[in-house]
Amino acid sequence: MAEVRLLGEAFSASEELAAFTAAHPEAGGLVSFLGQVRREEGPLAVEALELKHYAAMTLPGMEALAAATTARWPLDGLLIIHRYGVMHPGDPIVLVAAAARHRRDAFAAADFAMDHLKSQSWFWKREKTAKGWRWIEPRPDDHRDLARW
Amino acid sequence: MAARLVFLGRLEDIAGTGELAVSPGPLEQVLAALDPALAVELLGERVRMALNGALLGDAGAVVLADGDELAFLPPVSGG
């Protein structure tokens, strides 16, 4: 019931969402979250972002997260797509969508999956600004978000 | 045959490579053969280890065999 993909190439969030919606006509509520590379101005603007993954663990970890999510809420469907590789402002990074009979389950499931993708999945992120590449460490907020669950 | 070390995230920059073939043996011995500056980073408090894709609780007793892959995982940041 869950569809999990780890992609090295760009994807269209709108097309993925349209397909997911069409696949779940029985769901009364559909919640999605799209994370994209910020487009900013100024000297600290991010020019590019790179996500690295580890083949032995990243996709298996995402599949375990999907299983934990569908075990916790009664969902009709769950979609998790996460990019790796080099991305630029405006590029989608992550798409999570949950389909359920009732909206609260869909909201909670998508929120739970995103919090865990941010701070518990096997990805390493670096950003390129005018000053060069810099590895991004997790923010304290990310761990606080996890504690909600 | 050899064992393989895998360096993720910023550890790849410090090591200057994503992977390194090493002689099998106890972890202590494997690390002692590396650049000490790299070994210190690999043993950092926030770096976790995974042997053949499975997280290690206690890395102290690890002995690498032929074909083993030991990954060093710094704090993650996805999404």
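**View 1. Pairing of β4 and β6 in chain A.** Ile81(A) has Leu95(A) as its bridge partner in β6(A). The model shown in this and the other views is predicted. Seven bridges join β4(A) and β6(A), which pair in the antiparallel sense. Helix α3(A) packs on the sheet and touches β2, β4 and β6 of chain A. The direction of α3(A) makes about 150° with that of β6(A).

**View 2. The mixed sheet of chain A.** This open sheet has four strands in the order β1-β4-β6-β2 (chain A), and its pairing is mixed. At its edges are β1 and β2 (29-36) of chain A, each of which pairs on one side only. From one strand to the next, the twist averages 5°.

**View 3. The antiparallel sheet of chain A.** Another open sheet of four strands runs in the order β5-β3-β7-β8 (chain A), with antiparallel pairing. The edge positions belong to β5 (85-87) and β8 (132-136) of chain A; each has a single partner strand, so one side of each is left without a neighbour in the sheet. Neighbouring strands of this sheet are turned by 25° against each other on average, direction ignored.

**View 4. Pairing of β3 and β7 in chain A.** Strand β3 (residues 48-53) of chain A pairs with strand β7 (residues 123-129) of chain A in the antiparallel sense, over six bridges.

**View 5. Helix α2 of chain A and its buried side.** Helix α2 (residues 58-72) of chain A has 15 residues, which at 1.5 Å a residue should span 21 Å; the end C-alpha atoms are 21 Å apart, which agrees. The buried residues of α2(A) are Thr58(A), Gly61(A), Met62(A), Leu65(A), Ala66(A) and Thr69(A). These residues lie on the same side of α2(A), because they cover an arc of only 140° around the axis. Their cover includes β1 (2-7), β3, β4 (75-83), α3 and β7 of chain A.

**View 6. The contact between chain A and chain B.** Chain A brings 21 residues to this contact and chain B brings 15 residues. On the side of chain A that touches chain B, the elements giving two or more residues are β6 (92-100), α3 (103-120), β7 and β8 of chain A. Helix α3(A) gives the most to that side, with four residues. By class, the side of chain A that touches chain B has 13 nonpolar, four polar and four charged residues.

Conventions. Residues are numbered from 1 along each chain as its sequence is written. Chains are lettered from A and ligands numbered from 1 in the order in which they are written. This is a predicted model: local features need pLDDT of at least 70, side-chain atom pairs count only at pLDDT 80 or more; totals for chains, interfaces and linings use all residues. Two strands pair if DSSP finds at least two bridges between them. Axes are lines fitted to C-alpha atoms, for helices over the stretch in contact, and angles run from 0 to 180 degrees between N-to-C directions. Two residues are in contact if their C-beta atoms, placed from the backbone, lie within 7 Å. Ala, Val, Leu, Ile, Met, Phe, Trp, Tyr, Cys and Pro count as nonpolar, Asp, Glu, Lys and Arg as charged, and the others, Gly among them, as polar. The expected span of a helix is 1.5 Å times one less than its number of residues. A residue is buried if 20 or more other C-beta atoms lie within 10 Å of its own, exposed if 12 or fewer, and partly exposed in between; C-beta atoms are placed from the backbone. The arc is that of the directions from the helix axis to the C-beta atoms.
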